Amino acid sequence: AYPAPLSGNFYASLAKECEASNLFPGGVVATSMPDPRRARRQIWIPHLTDVVKVDRSTIVVGHSSGAEAAMRLAEKVRLKGIVLVAACHTDLGHEGERQAGWYPPSGGEWDWKAIKANVEWIVQFHSTDDPFIDVSEARHVAKQLESEYYEMKGKSHFFEPFEEAFLKIKEKIITKRSKSEL
């Protein structure tokens with residue numbers, strides 16, 4: 001069983017699918033983030049690097065503020081891949097988001113080039129009916145990162161499990177393995 005924050009969205013379902021797939025010999029880490037309400041960069045990035053211990057073999061799945069965390073992490077750390085769900089690039093005009101430290105100007109400009117250079121692949125999902133993050137935000141991120149972008153309908157802010165994330169992760173792992181066996 002996963003802690004309550006993980007079971008509230010698609011996280012636990014995705015973690016279970018990943019675990020059951022046997023595609024992750026190093027294991028699957030599905031953990032609650034510290035400081036979940038304020039989602040501050042100064043707390044989340046050290047948690048990912050020092051506690052979770054992400055590295056070049058890690059696939060980071062980030063949802064909402066977690067998508068911004070995955071992008072900021074990839075500016076500095078080499079990762080296998082990132083999956084961005086409901087990503088944005090601005091603070092959306094919200095003071096709390098501004099204080100979290102992810103967005104320009106206070107969080108610094110996005111280093112899109114570094115993000116692309118530090119990951120082997122980027123997959124991104126957004127729903128056209130997201131009540132919190134306008135689709136134009138996600139489209140901008142997709143354009144800057146040249147991500148493999150999937151725009152969906154009827155998924156809101158991805159509060160419910162959706163199989164597409166697992167299928168894309170699985171495809172990326174199997175494709176990479178197949179190429180390395182050639």
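These legends describe close-up views of a predicted model.

**View 1. Helix 2 and its buried face.**
Helix 2 spans residues 11–21. Its buried residues are Ala-12, Leu-14, Ala-15 and Cys-18. Seen down the helix axis, these buried residues fall within an arc of 160°, so they line one face of helix 2. An α-helix has 3.6 residues a turn, so residues three or four places apart point the same way. Just after helix 2 comes Asn-22, with a positive phi of about 60°.

Strands of a sheet pair through backbone hydrogen bonds, either parallel or antiparallel.

**View 2. Strand 3 beside strand 4.**
Strand 3 covers residues 119–127. Strand 3 and strand 4 pair in the parallel sense over five bridges. His-126 has Glu-151, in strand 4, as its bridge partner.

**View 3. Helix 4 on the sheet.**

**View 4. The largest nonpolar core.**
This core holds 46 residues. Met-71, Leu-79, Ile-82, Leu-84, Ile-115 and Phe-125 touch the most other members. Several elements each supply at least two residues of the core, among them helix 3 (41–52), helix 6 (112–118), helix 7 (135–145) and helix 8 (163–181). Helix 2, strand 2 and strand 3 are also on that list. Helix 4 gives the most to this core, with six residues.

**View 5. The surroundings of Ile-115.**
Neighbours within four places in sequence are left aside here. Ile-115, Met-71 and Ile-82 are among the core residues that touch the most other members.

Are Cys-18 and Cys-88 buried or exposed? The cut-off for buried is under 20% relative accessible area. Cys-18 has 7% relative accessibility, so Cys-18 counts as buried. Cys-88 has 2% relative accessibility and therefore counts as buried. A disulfide is a covalent bond between the sulfur atoms of two cysteines. With sulfur atoms within 2.5 Å as the cut-off, the count comes to zero disulfides.

Definitions and conventions
Residues numbered from 1 in each chain as written. Predicted model: local features only at pLDDT ≥ 70, side-chain atom pairs only at ≥ 80, totals over all residues. Heavy atoms only, no water. Buried < 20%, exposed > 50% of the residue type's maximum accessible area, 1.4 Å probe, protein only. Helix = DSSP H or I, 4+ residues; strand = E, 2+ residues; numbered from the N terminus. Arc of directions from axis to C-beta. Pairing = 2+ DSSP bridges. Core = buried A, V, L, I, M, F, W, Y, C linked by side-chain atoms within 4.5 Å. Contact = heavy atoms within 4.5 Å.
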